[in-house]
Amino acid sequence: RLCYLNGEILPLDEARISPMDRGFLFGDGAYEVIPAYDGRPFRLPEHLRRLDQTLEGIRLPNPHSHAEWAAMIARLLEAAGGGDAGVYLQVTRGVPEVRDHAFPLDARPTVFMTVSPLPAPLGPEAGEGASAIRLRDNRWGRCDLKTTALLPNVLLRQEAIEAGADEALLLRDGQLTEGAASNVFVVCNNEVMTPRQSPNLLPGVTRDFVVELLRERGVPCQCSAISADQLARADEIWLTSSTKEVLPVTRLDGEPVGDGRPGAFWRQARTWFDEYKA
Ligand code: PDD
């Protein structure tokens, strides 16, 4: 496997980063995961805009222009042989002389990228779907920033896995926010809804794409508050992310969601998503 590190493409196992890197010491960095289909990045401008927002939010100047990022990503994807893949990129606040919480004056950002295979998405004929459990959202107040400091997300996802589920659906003050590493859609009484954007959830690129896709094709989709009660009564629940695309959740805390099978709204969204990708 190949990676990109500070201007160079090299085998992943030859990449060397200092243990003094602030990404390692503090989780002090921003990241993106960008899907590429047939060698072409999907929604790249949207991912790069969100990277800008994260970097601005953590006060780290973006070391590259969008054109430079696009060229670097294209180079890496080509070197990796094209096909379907996920590009992981991260920018950290670099390598200071000494460990100090305050921003270093001397460090240059560390830029790292790698390419991984994308898991095959669940097709419209999916039998089972995924399972989820509900957990209290105990993360910080800036979940709209895509930072590498993911320990709460890691612990929440692990709790879901150990409960035999695939994802944790998070509730803060009685309202649904998102998954440990995904956004959430809910279908109630033939209405598609997703939590309204706020500092408590990531502005998912896939989420925005699905909202757009539904609205363009005449399916209303509300961005609004979703209560614990609405989640519990949902006929359908979907997860969206750059690696999951649109995935139906058919069991919530061990109980079937709706009739326990992937729903009709999901099948429609899934089909439209595939048409758009092709
Ligand atoms: N995670 N919310 C959280 C907390 C996430 O980590 C992610 C994505 C999403 C979905 O965002 P998008 O549609 O832009 O991928 C929502 C990535 C895939 C990850 O950490 O691996």
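**Figure 1. Arg 59 in the loop between helix H2 and helix H3.** Arg 59 is placed in the loop that runs between helix H2 (44–57) and helix H3 (66–79), where helices (H or I, at least four residues) and strands (E, at least two) are DSSP runs numbered from the N terminus. The model is a predicted one, in which local features need pLDDT of at least 70 and side-chain atom pairs count only at pLDDT 80 or more, while totals for chains, interfaces and linings use all residues. Residues are numbered from 1 along each chain as its sequence is written. The phi angle of Arg 59 is near 60 degrees, a positive value in a residue other than glycine. Arg 59 is exposed, with 8 other C-beta atoms within 10 Å; a residue is called buried if 20 or more other C-beta atoms lie within 10 Å of its own, exposed if 12 or fewer, and partly exposed in between, with C-beta atoms placed from the backbone.

**Figure 2. Ala 67 in helix H3.** Ala 67 belongs to helix H3 and counts as exposed because 9 C-beta neighbours lie inside 10 Å. Ala 67 and Pro 45 are 22 residues apart in sequence, and their C-alpha atoms are 9.8 Å apart in space.

**Figure 3. Asn 190 in the loop between strand E10 and strand E11.** Asn 190 lies in the loop that joins strand E10 (183–188) to strand E11 (191–195). Although Asn 190 is not a glycine, its phi is positive, at about 60 degrees. With 11 other C-beta atoms within 10 Å, Asn 190 is exposed.

**Figure 4. Phe 112 in strand E6.** Phe 112 has its place in strand E6 (residues 110–117) and is buried, with 20 other C-beta atoms within 10 Å. When residues up to four places away in sequence are not counted, Phe 112 touches Cys 3, Tyr 4, Leu 5 and Gln 90, a contact being two residues whose C-beta atoms, placed from the backbone, lie within 7 Å. From Phe 112 to Glu 191 the separation is 79 residues in sequence and 41 Å in space, C-alpha to C-alpha.

Figure 5. Ile 17 lies in the loop between strand E2 (8–11) and helix H1 (22–26), and with 14 C-beta neighbours inside 10 Å Ile 17 counts as partly exposed. The C-alpha atoms of Ile 17 and His 66 are separated by 24 Å, the two residues being 49 residues apart along the chain. Ser 224 lies in strand E12 (residues 221–224) and counts as exposed, with 12 C-beta neighbours inside 10 Å. Leaving aside neighbours within four places in sequence, Ser 224 is in contact with Met 193 and Arg 196. Ser 224 and Ala 149 are 75 residues apart along the chain, with 27 Å between their C-alpha atoms.

**Figure 6. The contact of helix H5 with helix H7.** The axes of helix H5 (residues 205–216) and helix H7 (residues 264–277) come within 10 Å and cross at roughly 100 degrees; axes are lines fitted to C-alpha atoms, for helices over the stretch in contact, and angles run from 0 to 180 degrees between N-to-C directions. H5 and H7 are therefore roughly perpendicular to each other, the term for angles of 65 to 115 degrees, whereas angles under 35 count as roughly parallel, over 145 as roughly antiparallel and the rest as oblique. Val 210, Leu 213 and Leu 214 of H5 make the contact with Ala 269, Trp 272, Phe 273 and Tyr 276 of H7.

**Figure 7. Trp 238 and the nonpolar cores.** The largest nonpolar core has 33 residues, of which Ala 132, Ala 168, Val 186 and Trp 238 touch the most other members; such a core is a set of buried Ala, Val, Leu, Ile, Met, Phe, Trp, Tyr and Cys residues joined through C-beta atoms within 7 Å. Not counting residues up to four places away in sequence, Trp 238 touches Phe 185, Val 246, Leu 247, Pro 248, Val 249 and Trp 266. Another core, of 25 residues, lies apart from the largest one and has among its members Ala 30, Ile 34, Trp 69 and Val 111. Over the 278 residues of the protein chain, 39% count as buried.
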